[in-house]
Amino acid sequence: MKITLITLILVAVFRLSVAQHDPQLKHGRTAIVHLFEWRWADITAECERFLGPNGYGGVQISPLNEHIIIKGPWRPWWQRYQPTGPGNENELCDMIRRCNNVGVNIYVDAVINHMCGTGGGEGTHSSCGNRKYFPSVPFNGWDFNDNKCRAGSGNIKNYGDANQVRDCRLVGLLDLALGKDDVRGKVPGFMNKLIDMGVAGFRVDACKHMCPADLQAVYGRLRNLNTKRFPGGARPFIFQEVIDLGGEPITSREYFHLGRVTEFKYGISSPFMTNRPCLLFWNWGERWGFMPNGNALVFVDNQDNQRGHGAGGASIVTFWDARLHKMAVGYMLAHPYGVTRVMSSFRWDRRFENGKVSELEMMNMVKFRNVVNGQPHSNWCENNQVAFGRGNRGFIVFNNDDWNLDMTLNTGMPGGTYCDMISGQKGNGRCTGKQIHVAGDGRAHFKISNRDEDPFLAIHAESKL
């Protein structure tokens, strides 16, 4: 059979794109945390103090580009997403190096769809306005899509028009012309510099507003990861922000071949938003209309929707509803679907009592996910509360009902006494929280009050006494 040059090119492109789905996590680690708006020096300290020793695999950091400054008593979080030029390297290299040294990857939030808005304003490096000139990159007026936009205002007005979504300004932000080879060269140059520093990949912002072909051209110019930190030939992990709840011409599926995609339906459909029977969730994942497992990056909430922006609305559970949020994140970390990202945010105004999410509980659920990695979803409950196992390596039980849970369940675990990793942990041959006794046939009795602040229990192979 004759193999053509085109065939060889297609095979090479396929291999590159598949490699970009791999988060390149180290040492059996399986979860990423988004340290939203954390300073680099603080991220360094968190990697060494907490994340590395407790099995976290990576950190998504906020955009590190220079950005517009909104003047006033409060600086909104979204000013970070209005670039004016490249960022300052102080502390950045040190953070990447030291986090890598303790097994924690760094993923950069890359804003490559646009620069800042035409409304004007001073930036941390250069000003923003209608002149469309950014000398530190450099970009000028020819590097934007204004000539392609079919909307009179220059802004996106109709999300039913795919060309408008991709060629016009998103909320007034100057839309970069990634179809131009000059622009395509400058964007990978910025990303390649970060790869050389040792980052493991990128969360790419606003991908729905860029053509897949343009993104493929950008990603294709990215170097392999730094071999001082990663295996030879390892590709940067790409996970792309595409908000797809259905009903629009642009779908997440168009971006699957380029890397993973953020599955916004996941958090909106959380089992803990209402008291639904557990039988509805036995096939949680692709059969719920989510994207294929190998393409998904999942999360309960993110920096946009927890503040009422983007997709989700009132269906998003956040730390303000701490009891539900802990269960939702615990469920996500216990379930095998997707690459998981935990949110570490900061307080904002809302008319509810401030909640508190325990560092210990989330740490122990990250450990749970590491221990059960690769094990199948098993032993689903038969009652009106949620319980399931991960092969013979772990078992978790939730009670989000209006009555107490008091039942014996088949865990699939070897017999013995296990420490519950939600109420405490295992240390010095004892449990600091509750104990669960599993009989020789794998069955165990569970009691969870519907009034408990943390109405769930989790055991795994390494929590056995």
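Select helix α6, residues 212–219. Its buried residues are P212, D214, L215, A217, V218 and Y219; buried means under 20% relative accessible area, exposed over 50%, and partly exposed in between, with a 1.4 Å probe and protein chains only. Six of the eight residues are buried, so α6 is largely enclosed by the rest of the structure. Now show what covers them: the cover includes α4 (162–167), α5 (181–197), β8 (201–204) and β9 (237–240). Helices (H or I, at least four residues) and strands (E, at least two) are DSSP runs, numbered from the N terminus.

This is a predicted model, where local features need pLDDT of at least 70, side-chain atom pairs count only at pLDDT 80 or more, and totals for chains, interfaces and linings use all residues. Residues are numbered from 1 along each chain as its sequence is written, and side-chain values use heavy atoms, with hydrogens and water left out.

Zoom out to the whole chain. It has nine helices and 22 strands. Of its 465 residues, 55% are buried. Take contacts (heavy atoms within 4.5 Å) between residues at least 6 apart in sequence: 70% of them join residues at least 24 apart.

Centre on F202. Leaving out residues up to four places away in sequence, F202 touches V108, A110, M191, L194, I195, P236, F237, I238 and F239.

Move to Q60, in strand β2 (residues 58–61). Q60 counts as buried because its relative accessibility is 0%. Which side chains make polar contacts with Q60? One is H34, at 3.5 Å. Another is R341, at 2.8 Å. A polar contact is a pair of N or O atoms within 3.5 Å; within protein, one must be able to donate a hydrogen and the other to accept it, and residues adjacent in sequence count only if both atoms are side-chain atoms. The neighbours of Q60, beyond four places in sequence, also include I32, Y107, D109 and F239.

Step to N54, in the loop between α2 and β2. With 13% relative accessibility, N54 counts as buried. A polar atom of its side chain lies 2.9 Å from the backbone oxygen of F50.

Now pair helix α2 (residues 40–51) with helix α3 (residues 92–101). They pack at an angle of about 10 degrees, with axes 9 Å apart. Axes are lines fitted to C-alpha atoms, for helices over the stretch in contact, and angles run from 0 to 180 degrees between N-to-C directions. That makes α2 roughly parallel to α3. Show W40, I43, T44, C47 and E48 in α2; they meet L92, D94, M95, R98 and C99 in α3.

Finish at L465, in the segment after β22 (456–460). At 42% relative accessibility, L465 counts as partly exposed. Its C-alpha atom is 7.6 Å from that of K426, 39 residues apart along the chain. The residues L465 touches include T417, C419, G429 and Q435.

Key
Parallel < 35°, antiparallel > 145°, perpendicular 65-115°, else oblique.
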